[in-house]
Every structure is written in structure tokens, then in C-alpha cells.
Amino acid sequence: MSSPDPQVRAARNQSTNPGLRGPVVAVTGAASGVGALLTERLAASEEIKQVIAIDERRGECAAAQWHILDVRDPAIAEKLRGADVVVHLALDLDLETDGAARTAYNVRGTQTVLTAAAAAGVHRVVLCTSAMVYGALPDNALPLSEDAELRATAEATGVGDLLEVERLARRAPRAHPGLNVTVVRPAVLVGGTDTALTRYFESPRLLVVAGSRPAWQFCHVEDLCSALEYAVLEKVEGELAVGCDGWLEQEEVEELSGIRRMELPSAVALGAAARLHRIGLTPSPAGDLAYTMYPWVVSGSRLHDAGWRPQWTNEEVLSELLEEVSGRHTVAGRRLGRKDATAAGAAGATVALLGAAAVVRRARKARRRI
């Protein structure tokens, strides 16, 4: 006889075993992305007593108890009452979102959840940022330890928000004695994600800045969810970095992907990226390029010491990423339509990027005529 569906098993656990041991876990951002995957995983776990799912719309996990509201609403405190752990995943890191609106949502949402969790008697909050907070710098150690200084700046998409979330995480236990905060920092996240770093692999050529030393480390969303579950079950705590073991050099990425490089001087690449973003033609600021230039690989030693291991290798995640982005076309961070992609393919990626100056000039002339 086949085993029951995970949702059915979870529902039976929660309905027929009210004395089941394990924490009650609330997940924000539970209707989509990592939040939806984690909600399903926790609901199916025999080590979790109950899952409370919070989002602005109802998700598909029938075994969870759903509450529909914005995480910035102070009423969330009442919804968290009875929870032992909160995993806060309601962050907006969409490339197309207005920057000010994105920051307002991310910072206010995190502040509200931390305050509400403390008021509701929750003893642990798990936050998810990114290994990007360490910064991509030419003198970074390979790999970085979890305790490495956070040297990122706010120049890349969403990184300023993540640094503020990190600041709130450090401050929360002092502001709310008895509240423990765990922060999980994944490497380049892959698996239904859309970021400046996943779009890098949608380009007809892989941009390499002359003199840079890229090192690529990925994290599959399934591995992130298993690491978050470790944090929920208090098998590990503190500041945690998560990713595949090791890393890939740029030459290995090119060989595995079959995509040839386009090497440009730093001034040309960074200058074009800055101008295109400034006039609104691309969603990615020039700061995103640093993460394709310099290493920010993490060791993940705390999770490893606790017995956690990634189920995916860098090679496997890169392969999945390439399959996901197949058919998409991006130049300088901007998604192209089919007509534009055909033109870019015919002209070559170098022409497309170096032609940015002409695009900028045309845009400036158009603005003057208005």
C-alpha cells in the first residue's frame, strides 16, 4: 500500500494527535516561492505540531491554518499567539518593484513581525536574508565564515533592505528579552527565482569584467528549506550561511553552460550599467555587477557541524538554472521580447551592450524634446 499524501498525513497528525510533540510554526509569505515550499515541508513533518500560514492570499497547503493579512498589520500579533517559532519570508526582492516601496515593505514588515512575535510570546524568529550581505570584494576569503564582517553596501538590488533586516535581527533580542533570532543567508538562490544573478545566465554571452575573479556558489530552494527546518527545530542557531559545497570558477561555469564570455574593461561595463539603470532602461543597478566579479562564497560550517548537508551540487543547480531560463533573453539585466532577442542575437551581445551609449544618447535627446 502506498503511503498517504504528505498533506493528508500532516492533516491527520494535527487533527488526530492533538498531543503531538513539536513546535507550532508560523510562516509569513507562505503562499508562494520559498514560503510555499517551506509551508508544505513543515506541514508534512512529523516533528512539527502545527503550521500557521500567513500571506495576503491563501496558498495551496490545505494542512496549514491560514490567516490572510499584510505582515505590516499590527493585527498579526494576534495571529501569532500560540506559535513557538516564526519564519519570516514575506520579503519583496522583485527587480521590477519600485525601490522605495520595496524598502518600505521589507523593513516595516520585518519590524512588525519581530515586535508582534515578542508580544505574542513567540520564543524564536527565523529570518532569511542572503549571503550577499557579506559583500562581493576582491579580498574576500574563500570561503567566508559565518562570522565574517558584513561589508556589503546598498548599491545592489535589495541589499540595503537585507542589511537593515540584519540590523533589526541583531537589535531584536536586546529590545525584546527572551526572543531569539536566527538569520539564514543563502548563496545564489535557484529554483523558481528571478534575480539579477539568475538573469546573468539569460544573456547570450556571460559578461566578464576584465581583471575580476568570479567564484560561483549556488543554493537550491530545496536545500534552503531544509536548512530553515533545521533552524525551526533548533538543531542549529545564530547566523547561518547555506549553499552547495565548494564553488565553481568562471571557466567552469562557461564550460558547463556552453555560453561564451564577453570580456569588457571595468570602466565600460560599470559605466554602461550605471547609465542604463539611471535612465530606467534596466532594473539592475551597477552594484549588482560586483556579485559577478568577486567572490562571496560561504562555508556553511555551522549547519555542517549540526549534521546538515546540501542535497544539490553546484553543477546540478547550475544545470537546473539553465533549464529554467531557457528561452529567456536578457541583455544588461533587461528582459527582451522575442523581436528584441532576435535582433540582439543577430547583432551579437557585444554590440548590444556596447550600444548602450547610443541608447542613452537617444533617450537623452528624447527627454530634451519633451
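Tutor: Let us begin with a term: two strands are said to pair if DSSP finds at least two bridges between them. In this model, which is a predicted one, strands S5 and S6 pair in the parallel sense over five bridges.

Student: Which residue in S6 is the bridge partner of Cys-128?

Tutor: The bridge partner of Cys-128 is Val-184 in S6.

Student: And how much of S6 is buried?

Tutor: Strand S6 is mostly covered, since six of its seven residues are buried.

Student: OK, what is the order of the strands in the open sheet?

Tutor: The open sheet has seven strands, which follow the order S3-S2-S1-S4-S5-S6-S11 with parallel pairing. Strand S3, residues 65-68, and strand S11, residues 239-242, stand at the edges, and because each has a single partner strand, one side of each is left without a neighbour in the sheet. From one strand to the next, the twist averages 20°.

Student: How many bridges join S1 to S2?

Tutor: Five bridges join strand S1, which is residues 24-28, to strand S2, which is residues 50-55, and these two strands run parallel. Within this pairing, Thr-28 stands opposite Ile-54 in S2.

Student: Which strands does helix H4 touch when it packs on the sheet?

Tutor: Helix H4, residues 99-119, touches S1, S4, S5 and S6 as it packs on the sheet, and its direction makes about 180° with that of S4. Helix H5, residues 159-175, packs on the sheet as well, touching S5 and S6, and its direction makes about 155° with that of S6.

Student: Switching to another helix, which residues of H2 are buried?

Tutor: In helix H2, which covers residues 33-43, the buried residues are Val-34, Gly-35, Leu-38, Thr-39, Leu-42 and Ala-43. These residues cover an arc of only 155° around the axis, so they lie on the same side of H2.

Student: New topic: how many aromatic pairs does the structure hold?

Tutor: The structure holds six aromatic pairs. One of them is formed by Phe-201 and Phe-218, whose ring centres are 6.1 Å apart and whose planes are at 55°, so this pair is tilted. The pair links distant parts of the chain, with Phe-201 in the loop between H6 and strand S8 and Phe-218 in strand S10, 17 residues apart.

Student: Are Phe-201 and Phe-218 buried or exposed?

Tutor: Both Phe-201 and Phe-218 are buried. They also belong to a cluster in which ring pairs link Tyr-200, Phe-201, Trp-216 and Phe-218.

Student: What sits over the ring of Tyr-230?

Tutor: The charged end of Lys-235 sits over that ring of Tyr-230, 4.8 Å from its centre.

Student: To finish, how many helices and strands does the protein chain have?

Tutor: The protein chain has 14 helices and 15 strands, and of its 370 residues, 50% count as buried. Among the contacts in the chain with a separation of 6 or more, 78% are accounted for by residues 24 or more positions apart.

Key. Residues numbered from 1 in each chain as written. Predicted model: local features only at pLDDT ≥ 70, side-chain atom pairs only at ≥ 80, totals over all residues. Heavy atoms only, no water. Helix = DSSP H or I, 4+ residues; strand = E, 2+ residues; numbered from the N terminus. Axes fitted to C-alpha atoms, helices over the stretch in contact; angles between N-to-C directions. Contact = heavy atoms within 4.5 Å. Buried < 20%, exposed > 50% of the residue type's maximum accessible area, 1.4 Å probe, protein only. Arc of directions from axis to C-beta. Phe/Tyr/Trp six-rings, centres within 6.5 Å; stacked < 30°, edge-to-face > 60°. Lys NZ or Arg CZ within 6 Å of the ring centre and 35° of its normal.
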